[in-house]
Amino acid sequence: MLTYVSIIVAGLLTGCVYGLMALGLSVIFGVTRIVNFAHGEMMVVGMYAVLVLNQKLGLDPFVMTPVIAAGLFVGGYALQRGLVNRYIARPEHEQFLLLLAVAIMLTSSTLMVFGPDARNVQVDYAYDSYEIGGVLVDKVRLLAALGAVGGVAALWAFFRWTRTGKSIRACADNQVGAQVVGLDVKRLYAVTFGIGAACVGAAGVLLLLLVDVQPYIAADFTLLAFIIVIVGGLGSMPGALLGGLLVGVSEALSGFMVLPSLKSMFSFALLIVVLLVRPQGLLGRRA
Amino acid sequence: MQEMLSGVPRRAALALALFVAAMLAMPLFAGSYVVSVLVVVLFSAYLGQAWNIMMGFAGQLSLGHALYVGLGAYVSAALFVHFGLPPWIGMLAGMAAAALAGSLIAALSFRFGVTGVYFALLTIAFAEFTRIVFNHFGWVGGSSGLFLPVANLARDDLVNLRGSPAMFYYILLALTLCALALGHLLLRRRVGFYWQAIREDQEAAQALGIDVFRYKIAAVTLSAVMTAIAGALMAFYDNNLYPDTTFAIGRSIDIITAPIIGGLGTLFGPILGAFVLTVLSETMTNLSSAIGINGLKQWIYGATLLAIVMLQPAGLWPWLRARLRLDEAKR
């Protein structure tokens, strides 16, 4: 019994990080209506940045989280300003092709620079764990989850209380209305894309403590982020978190009870069931 | 014949005749390498045409077409390996499986109001789900693959689909031309106009009394069946099947890039897109193995996609057609 509790707790903790990753995708879609097909690719870029900083400067990954998030914010902002903004009102397949091209270029760039081998970051507390009433909790997993929750809280506060955050929500609710009252929608869209990139970048840093990185995992994480946001509800912030937790637990349990290679099958099954029963997602609003 | 040619500009008909003649004569002059590349081009062109019916004509975005390739391939190959069933009969079974899967996915999605981006992601989910199931499906070899007995290349055996790349080349060329003719006919018939109405504005189409649900399912099913034919041929051409490549999401993406690059919803776009992308990819492979940098090939491929979507977002074919003055109809 305690084994199961430990596994569920581990799944929930990983799920927090998944939630932060998916939140980035959800925020971008919720505001700009663009599906970021390069989401996992952005995360992998962030992961390699951590790897380099860790090897060159010996910095702890946790310390680097804000730095990487800031770096990806700038990257995401520039990408939206320079490229994606022109495609806001274009057909979906053109947006898809554009972001697919960006994704291919990001993956092949990381492949050119870092090669195809799987790498990870070494921290000296990698194997520490806590025992709470018989339940084992990995230290890195707990720290990653706390980092993710912190990121989500910061984002929530930003959207709730800052002027820019409120303006972005106004754009999401009514783009024309936002333009009428004088908001600079293009800039706000770029800020949103930057925030989405920062979320996934931060999630990448935290996730690097739990998984190895290699260029081709990017597509898997793009898909994973899709599953999570659709399950939770595209455009809904609490939905992304709930979806992350659900997928985290489902992966952990199916990996333990059935077969590790079947874990993503259960996630896809979850997605199919949710789409058919409640297409707007568990916490999404009807369009 | 009368219906086929009505409304086709003279220059376009002439250009098509030239194209067909050149393609028919190609294996007589070209070496085996060129023929094998052209087989890849035709696979890509035909798959693009099949996908184009669903997305280009009826406006339903599928990102999981590898599912139908895989069903066509696995059903026909497994029946051949286990029961010795001739490929063409196995192909029919594969088409039936794809039709069932396609209509089921479409019926479920459209009944529950899953459309647009959500529908596209649902198609990915079904394809990936099936990929993992086949990875653990021992009867068809699981993740270690399903192998067909290697062909005796001395003589082409059309009945058992064992033979040279040139034989597959002609089969695929015939398929591609049939798909071209089918697309041409469909766009002139009631169903084609209904699909385009649904693509442009589903609610308006419904208001006009079009049975949107039924016509959308028809588009998905037809596209799935056509895709399964290519899947079965691919199984007998490659002689090996692995779930991780046959059902791969990368394959789904390859299927849709050619028609988008060529020109979505156009008849010749998928063929042009297949030529451009396959030749580009082959050139890059040769070039990058000469230079020896991992990833350079994909980078240039990505950069080319980016350039095309920025410069010619409607695709290359509408632009080329205007350049060649093929659309000056003698109406």
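The model is a predicted one. B:Asn239 sits in the loop that links H10 to strand S2 (240-241) of chain B. Check its backbone torsions: phi is positive, about 65 degrees, although the residue is not a glycine. Most residues other than glycine have a negative phi.

The loop to display runs between strand S1 (146-147) and helix H7 (165-188) of chain B. Is B:Leu161 buried or exposed? B:Leu161 has 24 other C-beta atoms within 10 Å and is therefore buried, since 20 or more is the limit for that class.

**Along H10 of chain B**

Return to H10 and select B:Ile229, which lies in this helix of chain B. B:Ile229 counts as buried because 26 C-beta neighbours fall inside 10 Å. Show what it touches: leaving out residues up to four places away in sequence, the partners of B:Ile229 are B:Gly72, B:Met91, B:Met95 and B:Leu175. For a distance check, draw a line from the C-alpha atom of B:Ile229 to that of B:Val276; the two residues are 47 apart along the chain and the separation is 23 Å.

**Chain B as a whole**

Zoom out to chain B, which contains 15 helices and two strands. Its C-alpha trace spans about 55 × 50 × 45 Å along the principal axes. The radius of gyration of chain B is 20 Å, which agrees with the value near 20 Å for a compact globule of 331 residues. Colour by burial, and 46% of the 331 residues of chain B count as buried. Taking contacts in chain B between residues at least 6 apart in sequence, 77% join residues at least 24 apart.

**The side of chain B that touches chain A**

Which numbers of residues do chain B and chain A bring to the contact? Chain B gives 36 residues and chain A gives 33 residues. On chain B, select helix H6 (116-135), helix H12 (249-262) and helix H14 (296-311), the elements that each give two or more residues to the side touching chain A. H6(B) has the largest share of that side, with 13 residues. Coloured by class, this side of chain B shows 27 nonpolar, eight polar and one charged residues.

**Chain A as a whole**

Now display chain A, with eleven helices and two strands. Followed from the N terminus, its elements run α-α-α-α-β-β-α-α-α-α-α-α-α. The C-alpha trace of chain A spans about 60 × 45 × 35 Å along its principal axes. A compact globule of 287 residues would have a radius of gyration near 19 Å, and the 19 Å of chain A agrees with that. Of the 287 residues in chain A, 53% are buried. Among contacts in chain A between residues at least 6 apart in sequence, 79% connect residues at least 24 apart.

**A helix pair in chain A**

The crossing of H1(A) past H5(A) is left-handed. To see the contact, show side chains on H1(A), including A:Ala10, A:Leu13, A:Val17, A:Leu20 and A:Leu23, and on H5(A), including A:Arg141, A:Ala145, A:Ala148, A:Gly151, A:Val152 and A:Leu155. The residues of this contact divide into 13 nonpolar, three polar and one charged.

**The largest nonpolar core**

The last stop is the largest nonpolar core, with 197 residues. Where in it are the residues with the most contacts? They are A:Val17, A:Cys199 and A:Ala203. The element that gives the most to this core is helix H10 (residues 212-238) of chain B, with 16 residues. Centre on A:Cys199 to finish: not counting residues up to four places away in sequence, A:Cys199 touches A:Leu20, A:Met21, A:Leu23, A:Gly24, A:Val27, A:Gly151 and A:Leu155. Of these, A:Leu20 and A:Leu23 belong to the H1(A) side of the helix pair, and A:Gly151 and A:Leu155 to the H5(A) side.

Note on methods: Residues numbered from 1 in each chain as written. Chains lettered and ligands numbered in written order. Predicted model: local features only at pLDDT ≥ 70, side-chain atom pairs only at ≥ 80, totals over all residues. Helix = DSSP H or I, 4+ residues; strand = E, 2+ residues; numbered from the N terminus. Rg over C-alpha atoms; globule rule 2.2 N^0.38 Å. Buried ≥ 20, exposed ≤ 12 C-beta atoms within 10 Å, placed from the backbone. Contact = placed C-beta atoms within 7 Å. Nonpolar A, V, L, I, M, F, W, Y, C, P; charged D, E, K, R; others polar. Left-handed = near helix turned anticlockwise from the far one by under 90°. Core = buried A, V, L, I, M, F, W, Y, C linked by C-beta atoms within 7 Å.
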